[in-house]
Structure formats: C-alpha cells, structure tokens
Amino acid sequence: MSIYVEILIRGSMDDLWQKTQEPRLHERWDLRFSQIEYLPRLPGEPQKFLYSTRIGAGLRISGEGESTGERDDLSGQRTSALKFWSKDSKSLIEVGSGYWQYTPTGSGIRFLTSYDYRTRFGAIGKIIDRLLFRPLIGWATAWSFDRLRLWVEQGVPPEVSRDRTLVYGLSRLTIAFIWLYHAVVPKLLYHNPDELRMLADAGVPSSHLLSFVSLIGWLEVCFAVILIIFWKARWPLWCTIAAMCAATLAVGIYSPAYLSAAFDPLTLNLAVAVLAVIGLLVAGNLPTAKNCRRRPREAEE
C-alpha cells in the first residue's frame, strides 16, 4: 500500500536536486506542504525539519521530519531518505518514512518517491485513509511532481501553474453548471414559457414544443457531463463558444424582443463565451497527475 510516484524530468540533476532539497523551493511546488523549515544542526547530525500544511479556515497541520541519509552511486543515481511524524492531534498521519530517487537516463532524470505511514485514530483512521486520504495524497504527490516538471523543463513558476489550474477549473465548472442549470430548471422541470415562446418564434410547431424543449434540455445535460468527463479536452470549450454565438444570433433574428429584457440572452451568452475563452487561454501547460507513473516498474511487468 506504499504510495509510489514516478516522473521523467528533462533537466539537470543540480537544478532538480536544488528545487527538491532546498526548503524554500520545495514548498513552492509541493501541494502537500505549506511551509518547510530546516532546523540548525551540528556537523555529522541528521538534518531535522519542521513542516506544516494549511487545511483551510486558518487551521494548520504540523509535523517534524529527519533526513536519514543520502547516497550517490557510480551511475550518477542519487537517493535521499527521510522519516516523518506528527504529534498534531489533527493529523491523520502519526509516523512514516520514504525516499526520493534521482536516476539519470538518456532522455532526462527519472525522479520518483515511495513512502508509507501509520495512521492514528485506530480503525476509523485506517478506513478514512484507505477510502479518502491515501488516494488524495497520492494524487497530490503526482500533481505536484508534474508541476515541478513544468518548472524545471519550461520555466513555468509553480505559482503560475497553480493559478492557471484554479482559473481553468473555475471557468470549466462554471460553464458546466450553467449548461446543467439551464437544461434542468427552465427546460426539463418547468418548461418555462419563455423557452417555449422562443422555440415557437423559430418555427417549431406548437404540438412539438414540449418534446422539443425536453430534447434540448437532455442534450444540454449530456454536454455538461462531457465538460466534466473530458476535463482536458478543448473542443467542448470551442463548442460552447460556437453555441453561444449561434444562440445569440437566433434570438436576434427570431425573438429580438428578448434582447431588451431583464437577464437577456445576450449578456448571459456573452459571459459564457468569455468564460470558455478564458478556459482556452489558460489550458496549456497545466500540471496533471496523469503524467506520472503510479506503480513501480517491476510491479507492472
């Protein structure tokens, strides 16, 4: 059940080592930590450190750690081992250990980590860990590794990756919600008279208005789901822009009176189209956990 994450990073060993071993640089890209602080040490002593993670509402989870050793071999591979623990009663992790490994290859550096931990809170803690926490922290590790890759390979600062991801997620989720809401509420649940009237203005026979508006509603529900399932695909955003332009043009031709109404289609469609444009603008070079290997190579063979 150890957490394993591996990624190929095309960069120099010195640069990667610095960004992963220097606390002020490490905390910039690693989603698992908000602050890392090395403690003073005497020559020959292991390096001890403090860490903390913000969990929201002004709360933090804090812990301690200790580097248990570093090793370089003749092939250029470097390994850094550590152990960590937390006396914070809010922390699910009680004690754990793991290592980072840096292996030069012909195409870059294979950077990987493997770590495991013991939970507190007895059987309840084990259940929470298995069902929720372990998958979440594994994903956070992989996502952070890809954010580190973008920093090393393309010079994209971790803060920029974070902000782009947040903007992309908010724009995408908002668009999906708008599609879903306008499908379910005015079309499927209430058969809003304005929806029916605009369809009638466009030439839909009165005997088919209810079935037609329901069909459109279900198509919009499907499209909202597509926006979530195909999270990284850009074509749903382009389709959204095209749909908003077509819908606004149709209203202007067949039902122009609605353009002067409160909450008119023009402003709504414009806002949705702009959200889609924003999503497209920030969609490039977003970190993703899918770029990481999550099982050791020997386990897959």
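## Burial and the model

A residue is called buried when its relative accessible area is under 20%, exposed when it is over 50%, and partly exposed in between, with a 1.4 Å probe and protein chains only. Phe-111, with a relative accessible area of 0%, is therefore buried, and Trp-100 counts as buried at 8% relative accessibility.

This is a predicted model, in which local features need pLDDT of at least 70 and side-chain atom pairs count only at pLDDT 80 or more, while totals for chains, interfaces and linings use all residues. Residues are numbered from 1 along each chain as its sequence is written, and side-chain values use heavy atoms, leaving out hydrogens and water.

## The sheet and its helices

Seven strands form an open sheet in the order β1-β7-β6-β5-β4-β3-β2, with antiparallel pairing; strands are DSSP runs of E of at least two residues, helices are runs of H or I of at least four, both numbered from the N terminus, and two strands pair if DSSP finds at least two bridges between them. The edge strands, each pairing on one side only, are β1 (3–9) and β2 (35–38).

Helix α1 (residues 13–21) packs on this sheet, and its direction makes about 170° with that of β6. Helix α3 (residues 122–154) also packs on the sheet, where it touches β1, β6 and β7, and its direction makes about 10° with that of β1. Such angles run from 0 to 180 degrees between N-to-C directions, with axes fitted to C-alpha atoms, for helices over the stretch in contact, and contact means heavy atoms within 4.5 Å.

## Aromatic pairs

The structure holds 14 aromatic pairs, where rings of Phe, Tyr and Trp (its six-membered ring) pair if their centres lie within 6.5 Å, and planes under 30 degrees apart count as stacked, over 60 as edge-to-face and the rest as tilted. Trp-29 and Phe-145 form an edge-to-face pair, at 6.0 Å centre to centre and 70° between the planes. Because Trp-29 lies in helix α2 (residues 23–29) and Phe-145 in helix α3, this pair ties together parts that are 116 residues apart in sequence.

The pair of Trp-100 and Phe-111 is edge-to-face because the ring centres are 5.5 Å apart and the planes stand at 80°. Ring pairs link Trp-17, Trp-29, Trp-100, Tyr-102, Phe-111 and Phe-145 into a cluster.

## Cysteines

With a disulfide taken as a pair of cysteine sulfur atoms within 2.5 Å, the count comes to zero disulfides. For Cys-222, the nearest cysteine sulfur is that of Cys-239, 14 Å away.
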